[in-house]
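Subject: Structure handover

Hello,

Here is the structure you asked to look over. Please open it alongside this message.

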Amino acid sequence: MSAYDTLVRKYERQIFRIAQHITQNREDAEDVMQDAFLKAYEKLEQFQGNSKFYTWLVRIAVNESLMRLRKRRTGKMVSIDEDIETDEGSVPRDLADWAPDPEQNYNQSELAEILRKTIQGLPQGFRIVFVLRDVEGLSTEETAETLGLSIPAVKSRLLRARLQLRERLSRYFHRKKGVER
Amino acid sequence: MKCKEFLALLDDLIDDSVSPEMRTELQTHLGKCGHCEVVFNTTRKTIEIYRSHEIYDLPAGLRDRLHAAIMARCKKGC
């Protein structure tokens, strides 16, 4: 038990973040985190050493999060392919440079709010890929395996997610005209 | 190299998964194209900002509730 407790403490933040990014609801994210760790504990014997414990746990958390979303939107299918038929951001439009260290123009809570709002606006199928690859550090292969996507699909979604986020953040981080440091 | 070709390889450049020859080609394009340079730098910055800022704090007491739930499940036998 204490060994498992160590694992929980090691990964609790990441699992909570992933659940929150997918469900976009704090209560659901708490439930998902609890269910994911309990499920992983119960199935520990089934865990095969051919994948890392962390990616196995992430897969459980992603599935639990999608299930929770389905429950919330009764009757409506929820999949990671949702809303991705958009060309928004695939060609950069905003080409103005950002201020140096643009995040320093905002205090911590303002910045967190901007980052939350911006990423919440991404289509689900892009957001999950970005979070797993760029925030949580999974490889392209691990992300593909976790989400049941092909490697080219992960790559294409990641590029579009990054470009869309960049485009949206540009509104806040533009270098102000006439202000040079 | 055209901007469209650069953009198709942007992720590979950011993730450092291009061959040395391709890297040189991409960097040559960057040296000549201000627009692509902005897109490259600000995309890299976007990733860095999301990686380095915690935007969802772990709710107070969640760790204890989780620990208690695991302990309770264990008592039932697992």
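This is a predicted model: local features need pLDDT of at least 70, side-chain atom pairs count only at pLDDT 80 or more; totals for chains, interfaces and linings use all residues.

Chain A

The secondary structure of chain A consists of seven helices and zero strands, so the order along the sequence reads α-α-α-α-α-α-α. Chain A has 181 residues, and 39% of them count as buried. Where contacts in chain A link residues at least 6 apart in sequence, 73% of them join residues at least 24 apart.

Two domains are assigned in chain A: domain 1 covers 2-72 and domain 2 covers 102-173. Their C-alpha centres are 20 Å apart. Between them, nine residues of domain 1 of chain A are in contact with 10 residues of domain 2 of chain A. On the domain 1 side, α1 and α3 of chain A are the elements that give two or more residues. That side divides into four nonpolar residues, four polar and one charged.

Helices α1 and α3

Helix α1 of chain A (residues 2-23) and helix α3 of chain A (residues 53-72) have axes that come within 9 Å and cross at roughly 35°. The crossing of α1(A) past α3(A) is right-handed. From α1(A), the residues that meet α3(A) include A:Leu7, A:Tyr11, A:Ile15, A:Ile18 and A:Ala19. Among their counterparts in α3(A) are A:Tyr54, A:Leu57, A:Val58, A:Ala61 and A:Arg68. By class, the residues of this contact are 14 nonpolar, two polar and one charged.

A:Ala61 touches A:Ile15, A:Ile18, A:Ala19, A:Val32 and A:Ala36, leaving aside residues up to four places away in sequence.

A:Asp35

A:Asp35 is found in helix α2 of chain A. A:Asp35 and A:Glu64 are 29 residues apart in sequence, while their C-alpha atoms are 7.5 Å apart in space.

Contact between the chains

How many residues of chain A are in contact with chain B? There are 36, and they are in contact with 27 residues of chain B. On chain A, each of α1, α2 (26-42), α4 (108-120), α5 (124-135) and α7 (151-173) supplies at least two residues of the side that touches chain B. The largest share, nine residues, comes from α7(A). This side of chain A has 19 nonpolar, three polar and 14 charged residues.

Nonpolar cores

The largest nonpolar core has 44 residues. Those with the most contacts inside it are A:Ile15, A:Ala19, A:Met33 and A:Ala61. At least two residues each come from α1, α2, α3, α4, α5, α6 (140-147) and α7 of chain A, and also from α5 (62-75) of chain B. The helix that gives the most to this core is α7(A), with eight residues. Domain 1 and domain 2 of chain A each contribute at least three residues to this core.

A second, separate core has five residues, including B:Phe6, B:Cys36, B:Val39 and B:Phe40.

Regards

Note on methods
Residues are numbered from 1 along each chain as its sequence is written. Chains are lettered from A and ligands numbered from 1 in the order in which they are written. Axes are lines fitted to C-alpha atoms, for helices over the stretch in contact, and angles run from 0 to 180 degrees between N-to-C directions. Helices (H or I, at least four residues) and strands (E, at least two) are DSSP runs, numbered from the N terminus. A crossing is left-handed if the near helix is turned anticlockwise from the far one by less than a right angle, and right-handed if clockwise. Two residues are in contact if their C-beta atoms, placed from the backbone, lie within 7 Å. Ala, Val, Leu, Ile, Met, Phe, Trp, Tyr, Cys and Pro count as nonpolar, Asp, Glu, Lys and Arg as charged, and the others, Gly among them, as polar. A nonpolar core is a set of buried Ala, Val, Leu, Ile, Met, Phe, Trp, Tyr and Cys residues joined through C-beta atoms within 7 Å. A residue is buried if 20 or more other C-beta atoms lie within 10 Å of its own, exposed if 12 or fewer, and partly exposed in between; C-beta atoms are placed from the backbone. Domain bounds come from an automatic or database domain assignment.
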